[in-house]
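Here's a quick briefing for anyone meeting this protein for the first time. Have a look at the structure, then read on.

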Amino acid sequence: MKLSAIVILFCVFALIACNNNHLITRIDLSGTWSYQLDSLDIGVAENWFSKKLDGQLQLPGSLTTNGIGNDIGINTPWTGQIVDSTFFKSPVYAKYREPGNFKVPFWLQPVKYYKGAAWYQKEIPVPENWQNKDLILFLERCHWESRVWVNGKYAGMQNSLGTPHVYNLSGFLKPGKNLLTVCIDNRVKDFDPGINSHSISDHTQTNWNGMVGKMYIEAKPAVNIQHISVYPDIQKNEVVAGIRMNNNGEPGKVKLEISIAGPSVPEKQVVDFGLKTGENKVDVTIPMGKNVKYWSEFHPELYEINVVLKGENLGTDTLKTTFGVREITTANRQILINGHPVFLRGTLECAIFPKTGYPPTDEKEWSRIYEICRAHGLNHLRFHSWCPPEAAFAAADKAGFYLQVECSSWANQSTNLGSGKPFDKYLYEESQRMVEAYGNHPSFCMMAYGNEPGGPNYKAFLTDFVNYWKQKDKRRIYVSAAGWPDLEVNDYLSTPNPRIQGWGEELKSIINAQPPTSDYDWSSRITGFTQPVVSHEIGQWCVYPDFKEIEKYDGVVRAKNFEIFKETLSENGMAQLADSFLLASGKLQALCYKADIEAAMRTEGFGGFQLLDLHDFPGQGTALVGVLNPFWEEKGYITPEEYSRFCNSTVPLVRMEKFTWQNNETLRAAVEVAHFGEKPLENCTPEWRITDESGNEIQKGNLRPANIQNGKPTKLGEISVPLQFAEKPQKLLLEVKIDKFANHWDFWVYPAVKQLVPGIDKILMTQQLDDKAKKHLDNGGTVLLTLKKGDVAPDAGGTIKTGFSSIFWNTAWTAGQGPHTLGILVNPEHPVFSEFPTEFHSNWQWWDAMNHGQAMNLAAIDPKIQPLIRVIDDWFTNRPLALAFEAKVGKGKILVCSIDLVTDLQKRPEARQLLYSVQKYMADNDFNPVEEFDFETLAKLQKMN
């Protein structure tokens with residue numbers, strides 16, 4: 001190539017570079033950074049901000065996503081309360097405390113861990129034409145405290161947990177190369193939000209150290225628009241735009257051009273404004289016109305406001321923001337969106353992101369989460385003790401999801417709200433930052449300080465806090481906290497009382513102590529309240545771990561807890577049952593959630609519910625409370641379509657006094673519908689039908705046509721069906737369909753008069769393994785041992801709290817609250833159940849057996865026994881449990897049943913039917929046990945009197 005050509009080419013490239021330099025207004029900071037850990041806190045004293053740091057990593061990200069930190073061990077300084085300290089002391093966990101095999105059972109285990117100061121550094125080239133501009137450093141999400149130096153000069157500190165860290169570096173950056181140093185510290189310091197707060201805790205997102213999301217330095221004109229706040233008023237059909245500007249120069253005149261784009265387009269507004277030096281504010285009222293579209297879950301209509309600032313010799317700046325025209329209020333114990341009643345069907349989001357350990361900052365992932373929630377019939381998400389990033393709000397706006405956002409706190413006793421500690425001030429500052437950053441989003445409907453507060457002065461403090469925000473910003477409704485207290489100042493209440501299993505109720509709860517029925521609601525529990533009541537953290541129903549999930553953890557955490565549970569299951573000889581335990585306990589879990597949700601929807605004047613949870617909570621001891629895993633994926637035992645039958649904007653309901661009937665009775669079911677749809681259902685004819693397990697239709701009918709209004713359960717009539725058609729015991733299904741919405745309920749019908757079974761008289765039925773039973777067995781006889789509840793020996797399972805429901809939350813975090821079991825697992829084709837129709841899992845007809853039964857620990861005699869009725873144990877212990885098994889004893893045969901099939905049989909139709917089925921089996925040649933025991937071994941099962 002000739003020299004002249006080279007010169008020309010160089011000039012072209014130089015010209016392009018100059019043009020690009022002229023056009024640059026933002027420098028992306030993502031990519032390779034230098035770093036250094038500062039575990040000894042010497043970085044400031046040794047001026048690390050002025051020297052080049054040694055290591056390299058990629059940002060956005062965390063130390064852990066870059067594989068940086070310490071190995072996990074016994075001295076890892078976790079952030080989060082560990083209620084059950086068994087792991088640190090028990091010989092059971094000794095091998096998991098060893099280096100190289102270290103595994104914790106109480107939450108997901110990070111691959112690396114670091115808590116303390118970490119320094120991050122990057123060289124930044126600043127263009128020449130950035131002089132005399134506002135230079136803004138934007139770090140979307142830091143965890144937690146950030147301190148910034150530029151070219152060795154300190155630029156400030158920020159510590160927001162829920163909003164971007166934004167620094168004005170105008171006086172620090174110079175044209176050419178600049179050294180930007182950021183120190184991130186993820187320790188709790190003066191501002192203590194509570195170590196269990198999901199904003200910082202290792203229970204869920206991990207206490208990560210780093211910077212994620214958008215990272216950039218932006219050059220703005222010396223006169224610029226800093227923020228737009230949009231306040232819709234649907235009564236006046238207008239919005240007020242609060243515009244905040246900054247002028248770093250001399251006073252002058254500017255013109256504001258304000259335009260709105262969306263489903264309807266109001267007239268452009270032009271405002272002349274005299275700017276003073278420094279901060280300037282102006283409110284502009286914009287009529288939206290008669291064709292304005294409101295935002296709601298059914299029609300998430302969005303607008304975009306664009307403000308252009310122009311001034312002579314002051315330059316031009318533009319800022320835009322999205323908003324929705326929406327009003328949320330309360331009246332007559334109901335929450336109203338644009339004047340229409342809404343029923344909150346919500347779940348929690350507790351910062352559970354096992355791939356990264358921190359929340360996603362892209363809309364795509366949040367849209368996926370909302371889509372899954374919507375498929376399960378939900379319209380609401382509560383962010384438990386944390387505030388999500390911008391993308392979560394933007395995606396919720398488009399999805400029409402109502403969000404309850406919390407100010408990054410779960411105040412424990414060390415925080416003591418209202419005691420004058422630094423966090424009191426921090427809470428106000430953080431909430432102001434949240435509203436500034438996300439307040440225009442129509443999905444930001446509700447705000448609370450955080451979760452379940454404590455301290456001697458928290459009620460007075462939160463009263464002031466709620467009053468402050470009610471007066472300051474009426475774009476949302478406010479509650480003091482999730483869970484409590486029920487303050488008069490609250491717009492709505494969050495209380496744990498309306499649910500079928502409360503903390504500490506154990507086996508005395510509705511679902512475990514009262515025979516199954518759907519004829520109850522929470523009217524008596526909300527009487528006296530004038531505000532809407534949203535039930536706090538209902539559900540908490542557990543399922544057995546899905547060990548296939550282990551391989552999914554290929555990010556910053558590993559499911560070492562699952563590995564422990566899987567190993568103990570194998571050690572106890574039941575590895576082959578893992579999937580069966582998952583599916584059987586999952587069916588019970590889904591049944592419990594259905595009962596919980598329908599009770600809420602049957603309650604007139606109720607505000608809604610917040611589930612704990614639609615997906616699993618991996619911390620606090622491992623709380624497997626979701627029908628979805630932590631990745632929001634299905635587990636295989638209930639589909640979104642099935643779930644949304646009982647959880648939706650419109651849900652058919654029935655009130656039945658019981659679920660088991662005799663064929664000389666008449667089934668009666670009062671039909672209702674909870675309707676919170678887009679509009680009333682007019683001239684709607686409810687349909688019902690009864691089918692058998694094969695789907696064959698037995699009876700059907702219609703109720704009278706009705707006009708169904710929005711906002712409350714509506715009574716539609718009664719189904720009355722004589723049951724004499726059921727000549728044999730059978731499970732049936734009642735389905736009710738209203739418009740396009742259908743729901744169903746299982747029920748069972750047993751013959752009132754049972755046929756005599758030859759040979760039953762030869763079976764010795766006893767509740768004691770006494771001399772009479774031994775003699776009968778020695779003589780080759782058949783014995784049915786049916787133990788009273790409380791008669792199982794402590795070492796043989798007598799201390800296991802056996803109930804109908806699945807485990808509540810988990811036994812580690814609740815200090816062993818009952819039940820300790822996850823339902824039953826049986827072979828429904830086994831002849832012992834020929835007269836007792838059953839699936840492989842628990843259903844309502846098993847309530848009586850679980851209520852009058854006590855799980856036996858077969859390890860007391862032989863863990864290899866294959867029981868007739870297996871009970872699924874807590875995953876922490878994985879014991880081989882049973883309610884019934886059979887064996888040979890000498891010349892005789894015995895069926896051992898730890899269900900009381902004797903007491904009060906006249907009041908227990910399920911027990912009578914189960915006894916009949918068991919006796920029929922024992923009288924038949926099919927009764928031929930394989931396992932053999934001597935009498936003395938079996939006697940270990942029964943408590944000595």
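Glu506 sits in the loop between strand 28 (493-495) and helix 7 (510-513). Its phi is positive, about 50 degrees, even though Glu506 is not a glycine. Keep in mind that this is a predicted model.

- Most residues other than glycine have a negative phi, and most peptide bonds are trans.
- Ser385 is another residue other than glycine with a positive phi, in this case near 55 degrees.
- You'll find Ser385 in the loop between strand 24 (380-383) and helix 4 (390-399).
- Ser385 counts as buried because its relative accessibility is 0%, and the cut-off for buried is under 20%.
- The bond from Leu59 to Pro60 is cis, with omega near 5 degrees, and Pro60 is in the loop between strand 3 (55-59) and strand 4 (61-62).
- A cis peptide bond also runs from His143 to Trp144, again with omega near 5 degrees; Trp144 belongs to the loop between strand 7 (134-143) and strand 8 (145-150).

**Overall build**
- The protein has 15 helices and 49 strands.
- Its C-alpha trace spans about 110 × 70 × 70 Å along the principal axes.
- Of contacts between residues at least 6 apart in sequence, 73% link residues at least 24 apart.

**Surface and charge**
- Of the 945 residues, 61% count as buried.
- The accessible surface is about 37,000 Å², with 49% of that belonging to carbon and sulfur atoms.
- There are 96 positive and 109 negative side chains, and the centres of the two sets are 2 Å apart.

Technical notes: Residues are numbered from 1 along each chain as its sequence is written. This is a predicted model: local features need pLDDT of at least 70, side-chain atom pairs count only at pLDDT 80 or more; totals for chains, interfaces and linings use all residues. Side-chain values use heavy atoms; hydrogens and water are left out. Helices (H or I, at least four residues) and strands (E, at least two) are DSSP runs, numbered from the N terminus. Buried means under 20% relative accessible area, exposed over 50%, partly exposed in between (1.4 Å probe, protein chains only). Contact means heavy atoms within 4.5 Å. Accessible areas come from the Shrake-Rupley method with a 1.4 Å probe; for residues, only the protein chains shown count as cover. Lys and Arg count as positive and Asp and Glu as negative; His and the chain ends are not counted. The place of a charge is taken as NZ of Lys, CZ of Arg, CG of Asp or CD of Glu.
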